[in-house]
Amino acid sequence: MKAVTRNIIYLATLSILNTAVADDEEVIELESIEVISVSPLQGSGVEINKIPSLVQTATAEDLEKSQSLSLADYMNDHLGSVHINEAQNNPLQPDVYYRGFVASPLLGLPQGLSVYVNGVRFNEPFGDTVNWDLIPEGAIDSIALYSGSNPMYGLNSLGGALSLQTKTGFTAEGHQLEVYGGSWDRHSEELTSGWNNGTFGYFIDLRNFGEQGWRDHSRTTAKQVFGTLSWENERASLDLTLAANDNKMKGNGANPIQLLEQQPKAVFTYPDQTITRMFFAELSGAFDLTDEINLSANAYFRQNRIRSFNGDDSDFDGCTGVNAGFMCETEEGDEVLLEDINGNQITDTDAVNGASNNTSQTYMRSRGGTIQSAFSNDLFGYENNFVFGASYDYANVHFESDTELAQLLSDRGTKSSGILLQEGRVRLNTNTESYSFFFSDYFSVTDALTIMFSGRYNHTSLTMKNQFIDGEDKLSGHHSFDRFNPAVGLTYQFGQPLTVYGSYSESSRVPTPMELSCADENDPCKLPNAFVADPPLAQVVAKTWEAGFRGDLTEFMPKGDLKWNLGFFHTTNHSDIIFNRGGDSISEGFFSNIGQTRRYGIEAGLSAHYPQLFSEIDDWHFSTNYTYLNAQFMDGFTIQNPIDNTLASQVERGDRIPSLPEHIFKASLGVDLWQRWSIALNTLYSGDQFFRGDEANETSRLGGYWVFNTKTEIKITENLTVFGSINNIFDRKYKTFGVYGDASEVLGDSFDNGQFVSPAAPRAGWIGVRLSI
């Protein structure tokens with residue numbers, strides 16, 4: 001029971017037999033089998049070689065040895081087909097892409113990955129966003145990244161699903177204090193403690209993180225606490241998990257490329273701050289009804305409060321002609337007088353000219369639960385693993401945003417005026433109710449051939465209520481979405497060296513409340529603040545084919561191990577949703593279904609462990625991943641020109657989707673010496689990409705880049721370890737993200753090429769100590 005329900009990934013060791021031969025005792029070690037869950041909730045373990053798609057896994061030990069800043073940082077360095085865009089330019093707020101699908105904290109991006117923590121969906125209910133800063137890496141026991149449109153993982157699993165299992169007192173015994181610091185005044189202090197007496201246990205993780213950031217005005221702090229109380233016996237287990245955080249992150253986003261060339265650390269406008277405060281509680285349990293039947297369930301409550309303050313340039317200016325002396329906005333070439341929230345016209349003064357402060361607050365409360373049964377009974381004399389279950393989620397959200405006129409200071413900071421615009425005020429309540437029923441079956445026709453089929457029915461009901469009605473109420477509405485998503489696949493094992501797999505799967509995502517609030521092409525909104533109308537959008541359906549080979553060549557190695565994989569994937573999104581720019585400002589637009597998009601490619605991976613390669617003191621590790629990704633629009637549509645908003649651009653079939661590199665390569669080489677000193681070097685290549693906003697592929701691309709990092713760790717004693725790392729060893733100047741904007745109104749007409757980029761951090765290093773008891 002303990003091995004089955006405690007981890008996403010665990011090694012089900014068949015046995016170690018001791019047999020006596022004459023007077024000597026011979027130890028025969030049988031192979032270990034890696035077993036992985038086939039649903040977000042634990043208790044449904046299947047041998048990983050029987051999964052008809054690619055699954056990448058990592059353990060708490062892998063995360064610790066990587067010295068990564070966050071889970072997203074680890075995935076970017078070590079997992080195949082994953083890359084990061086630093087659109088926010090904050091280390092805790094990356095856009096994480098997998099196979100061309102994104103999980104991001106930014107409202108407005110088409111979220112195509114689902115994330116689960118202990119079986120609880122972690123995508124936010126308002127925009128399906130993922131706030132990576134809420135997940136403390138030190139509390140993670142194991143991760144599994146599932147490829148394809150896996151219906152078992154519910155909504156948003158268009159390109160993949162990430163499932164995390166956290167530590168308990170039974171999986172992470174011991175006490176540890178880790179402290180490190182270095183470049184940009186970055187520091188981290190983390191205390192973990194785990195204990196059990198065989199029946200009761202606890203685990204707690206306390207972390208404090210802070211840095212000034214390498215760019216101006218970029219200070220970030222994060223305070224996180226995570227804890228679990230556990231009980232278990234031979235047939236049952238129960239875990240109560242509690243977590244909270246208070247994070248304040250300043251990410252000043254992309255810079256005009258010409259400004260970056262002159263002042264590498266500068267920001268365009270500031271401040272840009274996001275504050276997240278989450279409370280999370282979950283009660284989960286599992287019970288073995290028999291040796292073949294397991295029942296598991298969870299119930300949760302999650303509250304997240306997100307506040308943002310963005311100091312930006314202004315789309316407003318002083319009126320001319322008969323309205324001179326007041327503030328106006330230009331709409332379709334005509335000046336329109338601005339009014340404050342009390343309906344008064346606004347006088348044109350320095351205090352309201354040149355800048356605006358866009359603020360938002362999102363209060364989200366969600367609750368729900370899942371129950372499932374897992375059966376491992378033989379069927380007609382053949383091995384069979386069957387899972388079925390149901391889940392329910394309910395979320396209520398209050399979203400509010402305002403636009404405040406402000407003064408632009410000489411250093412491009414903003415000074416508040418206290419005058420809020422009537423047209424920029426949004427007060428919106430949403431209620432989202434979802435329930436689903438799911439099943440999967442793995443039927444082993446022979447010891448080598450396994451057939452899988454699964455499915456999930458999802459129903460989502462979404463109600464939107466406008467709380468600030470100025471004229472016609474076009475924002476309130478009710479929407480319902482239903483769909484059954486199937487999957488089928490098979491694997492055939494030619495022994496350990498070779499497994500062949502293939503599958504077809506479907507998943508879907510429903511339009512988010514934010515997308516539905518901004519879907520009228522005749523009434524564009526300013527992303528992500530000003531929502532104005534609520535026309536219907538169709539849900540996005542992803543259909544994935546994938547096939548490949550994988551194997552374990554360890555038996556051919558004189559010592560150590562060698563694993564490999566090679567595969568092809570092909571995903572088509574039907575009725576895909578994008579933000580279609582339109583209006584008088586480059587930040588204005590609307591969400592729309594634009595037909596089909598396609599992402600296909602090839603993945604290859606290799607990992608090797610070879611002890612005592614050159615001498616008795618060395619232990620070598622090597623891994624590499626390569627991805628070819630072709631992401632295209634399959635239907636044409638018209639979009640605003642990225643440089644001149646008075647012109648239109650035509651997106652053609654075959655145009656590449658922006659922000660996605662065509663080639664991704666990763667490699668890591670490490671050695672452990674004397675079982676005390678480890679050194680590792682890793683490299684990453686990300687290919688060129690089109691700027692976000694250039695869906696028609698009319699302008700130059702953002703160049704690709706290589707980056708090299710290194711780390712080391714010395715075990716001074718059994719309880720004391722010193723470690724350090726250097727990122728960007730060769731101090732390469734490169735960019736991870738590009739978008740189109742307008743800098744000329746703030747910086748002058750010489751800054752008129754419209755290209756904004758997010759620069760990567762320069763060379764930096766950190767050193768720390770780890771004390772374990």
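This is a predicted model: local features need pLDDT of at least 70, side-chain atom pairs count only at pLDDT 80 or more; totals for chains, interfaces and linings use all residues.

Visitor: How many disulfides does the structure hold?

Guide: The structure holds 1 disulfide. Cys 319 and Cys 328 form the bond, with their sulfur atoms 1.9 Å apart.

Visitor: What is the handedness of the disulfide of Cys 319 and Cys 328?

Guide: The disulfide is right-handed, because the torsion about the S-S bond is about 100 degrees.

Visitor: Is Cys 319 buried or exposed? And Cys 328, buried or exposed?

Guide: Cys 319 is buried, at a relative accessible area of 8%. Cys 328 is buried as well, at 4%. The cut-off for buried is under 20% relative accessible area.

Visitor: Moving to strands. Which strands does β14 pair with?

Guide: β14 covers residues 174-182 and pairs with β15, residues 187-196, in the antiparallel sense over 8 bridges. β14 also pairs with β47, residues 764-772, again antiparallel, over 7 bridges.

Visitor: Which residue in β15 stands opposite Leu 177?

Guide: That is Leu 191. On the β47 side, Trp 766 stands opposite Gly 182.

Visitor: What about the hairpin of β14 and β15: how many residues lie between the strands?

Guide: There are 4 residues between the strands of that hairpin, and Trp 184 takes a positive phi near 60 degrees there.

Visitor: Where else is there a positive phi in a residue other than glycine?

Guide: His 217 is one of them, with phi near 55 degrees. His 217 sits in the loop between β16 (200-211) and β17 (220-232), and counts as partly exposed at 37% relative accessibility. Gln 675 is another residue that is not a glycine but has a positive phi, about 55 degrees.

Visitor: Where is Gln 675 found, and is it buried or exposed?

Guide: Gln 675 is in the loop between β41 (663-673) and β42 (677-686). Gln 675 counts as exposed, because its relative accessibility is 76% and the exposed class is over 50%.

Visitor: While we are on loops, where is Ser 615?

Guide: Ser 615 lies in the loop between β37 (597-611) and β38 (618-633). Ser 615 is partly exposed, with a relative accessible area of 31%.

Visitor: How many residues apart in sequence are Ser 615 and Leu 673?

Guide: They are 58 residues apart in sequence, and their C-alpha atoms are 9.8 Å apart in space.

Visitor: Which peptide bond is cis, with omega near 0 degrees?

Guide: The one from Tyr 270 to Pro 271 is cis. Pro 271 is placed in the loop between α4 (257-262) and β20 (272-288).

Visitor: Which ones are buried in α3?

Guide: The buried residues are Leu 71, Ala 72, Tyr 74, Met 75, Asn 76 and Asp 77.

Visitor: Last one. Where is Thr 499, and what does Thr 499 touch?

Guide: Thr 499 is in strand β31, residues 499-509. Leaving out residues up to four places away in sequence, Thr 499 touches Asn 49, Thr 491, Tyr 492, Gln 493, Gly 548, Phe 549 and Arg 550. Thr 499 counts as buried, because its relative accessibility is 1%.

How values were computed
Residues are numbered from 1 along each chain as its sequence is written. Side-chain values use heavy atoms; hydrogens and water are left out. Helices (H or I, at least four residues) and strands (E, at least two) are DSSP runs, numbered from the N terminus. Buried means under 20% relative accessible area, exposed over 50%, partly exposed in between (1.4 Å probe, protein chains only). Contact means heavy atoms within 4.5 Å. Two strands pair if DSSP finds at least two bridges between them. A disulfide is a pair of cysteine sulfur atoms within 2.5 Å.
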